[in-house]
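Hi,

Here is the structure I promised to hand over. Have a look, and my notes on what turned up follow just below.

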Amino acid sequence: MKAFLPLWNVMRREVQRMCNRQIYFWTMIVIPVVSCIYFMSLLNEGLPLKAPSAIVDCDHSSMSRQLYRSLDAMELVDIQYKLESFHDALEMVNSGKIMGFFYIPQNFQRDAVGGRTPTLTYYTNMTYFVPGTLSYKAFKTMAVTTSGGIVQTKLVSLGATTGMAGTILQPMIVQDHEMGNPWMNYSIYLSNSFCPGLIELMVLLVTAFSIGQEIKRGTSVDWLQTADGSMFTAIMGKLIPQFVVFAADGVFVLMLLYKWLAFPLNGSTWAMIGAMLLMIIACQWLAVWVTSTIVNLRLSLASMALMGILAFSVAAFSFPVESMYGGCAIFSYILPVRYFFLIYSDIALNGLPIYYSRVYFAALLAFPLVGSTMLWHLKKACLKPVYVP
């Protein structure tokens with residue numbers, strides 16, 4: 001037991017520091033938990049529906065009224081305004097009242113029946129990407145459907161049967177089978193990337209802050225003496241209490257995702273919990289390595305913030321690594337959350353055994369080995385703390 005006494009003393013010292021400063025409570029509990037709950041509730045419906053839209057009907061024919069009713073029945077858009085002027089509709093788009101509008105020109109039915117190829121036009125505001133995309137999808141679907149209906153009517157009038165006209169318009173049937181997320185639920189994709197990314201960011205910042213504060217305030221000598229002169233013991237005594245708190249955050253988030261919200265989990269629950277815990281450990285040691293190398297509170301915090309924020313894009317949550325430039329793709333493999341995301345894809349979505357994700361688990365285990373290589377430099381700075389603003 002005497003061998004573990006220095007470690008216990010450092011852990012008790014770190015717990016006291018965590019309890020005496022509110023910043024630890026906010027950054028380790030409030031921000032991760034509240035932010036994840038807020039984000040999940042924000043995407044509670046899964047897919048944003050009923051984007052506010054308008055229709056400009058300059059024809060006032062039976063065909064245009066039927067088109068209006070069909071468009072209004074679609075779940076992606078909500079036709080809130082039926083306007084008479086193109087300029088009024090454009091003004092409403094610019095003011096943000098609607099996300100787009102569908103324009104039916106004059107003499108639309110006459111030209112369509114007469115074979116004079118009338119033009120259906122739709123405008124969407126892509127400044128707001130998701131509602132703009134939904135409006136675009138609904139408008140395009142309606143335009144294509146209307147065009148196909150007109151062509152089918154024309155073919156039937158020329159003597160073709162209804163079945164023959166349908167075959168000409170659609171010579172083959174395409175079946176869509178969405179794998180992993182058949183509901184096309186935005187929250188399943190975004191929450192499973194945002195929440196681990198946020199936890200990684202907070203772990204990086206808290207770890208760098210707790211180490212940098214020791215040197216800034218000149219308490220690093222006492223910290224090292226409490227650890228009986230062992231830098232490894234000092235680091236472990238600081239990281240273990242923080243790990244316990246962050247581990248509770250991570251497990252809580254996983255329970256929200258897979259138990260409360262019932263997101264797809266086709267593999268082992270324990271494998272995902274293990275991946276979360278290993279990601280937290282990897283993030284801690286990544287922060288230790290950076291802080292040991294830089295040994296400056298301001299620069300280490302800035303580096304951790306930059307690395308944590310870039311993880312949302314560089315870790316391939318929103319853009320595949322294979323399509324990145326080579327120089328950018330390299331950075332995705334130094335982020336622990338990248339390997340967690342790959343484990344999530346294999347185990348949670350595809351239901352593969354842990355064996356097929358063994359490389360990613362090994363990569364997370366490699367971070368403590370790499371992070372410990374610069375402890376000698378950190379010990380040197382702790383023995384002679386010099387605060388550089």
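Asp111 is buried in this predicted model, with a relative accessible area of 16% (buried means under 20% relative accessible area, exposed over 50%, partly exposed in between, with a 1.4 Å probe and protein chains only). Its place is in helix α5, residues 108–113 (helices are DSSP runs of H or I with at least four residues, strands are runs of E with at least two, and both are numbered from the N terminus). Setting aside neighbours within four places in sequence, Asp111 is in contact with Gln106, Arg116, Thr117 and Pro118; contact means heavy atoms within 4.5 Å.

Two notes on the conventions. Residues are numbered from 1 along each chain as its sequence is written, and side-chain values use heavy atoms, leaving out hydrogens and water. As the model is predicted, local features need pLDDT of at least 70 and side-chain atom pairs count only at pLDDT 80 or more, while totals for chains, interfaces and linings use all residues.

On confidence, the protein averages a pLDDT of 87, and 89% of the residues score at least 70 (pLDDT is the predictor's confidence in each residue, from 0 to 100).

Four strands form an open sheet in the order β2-β1-β3-β4, with mixed pairing (two strands pair if DSSP finds at least two bridges between them). At its edges are β2 (77–83) and β4 (121–124), each pairing on one side only. Strand β1 (residues 51–57) pairs with β2 in the parallel sense over six bridges, and Ser53 has Ile79 in β2 as its bridge partner. Helix α3 (residues 62–72) packs on the sheet, touching β1, β2 and β3 (100–104), and its direction makes about 145 degrees with that of β2. Axes are lines fitted to C-alpha atoms, for helices over the stretch in contact, and angles run from 0 to 180 degrees between N-to-C directions. Helix α4 (residues 86–95) also packs on the sheet, touching β1, β2, β3 and β4.

Finally, a helix pair: α8 (residues 186–216) and α12 (residues 297–314) pack at about 175 degrees, with their axes 9 Å apart. That makes α8 roughly antiparallel to α12 (under 35 degrees counts as roughly parallel, over 145 as roughly antiparallel, 65 to 115 as roughly perpendicular and the rest as oblique).

Best wishes
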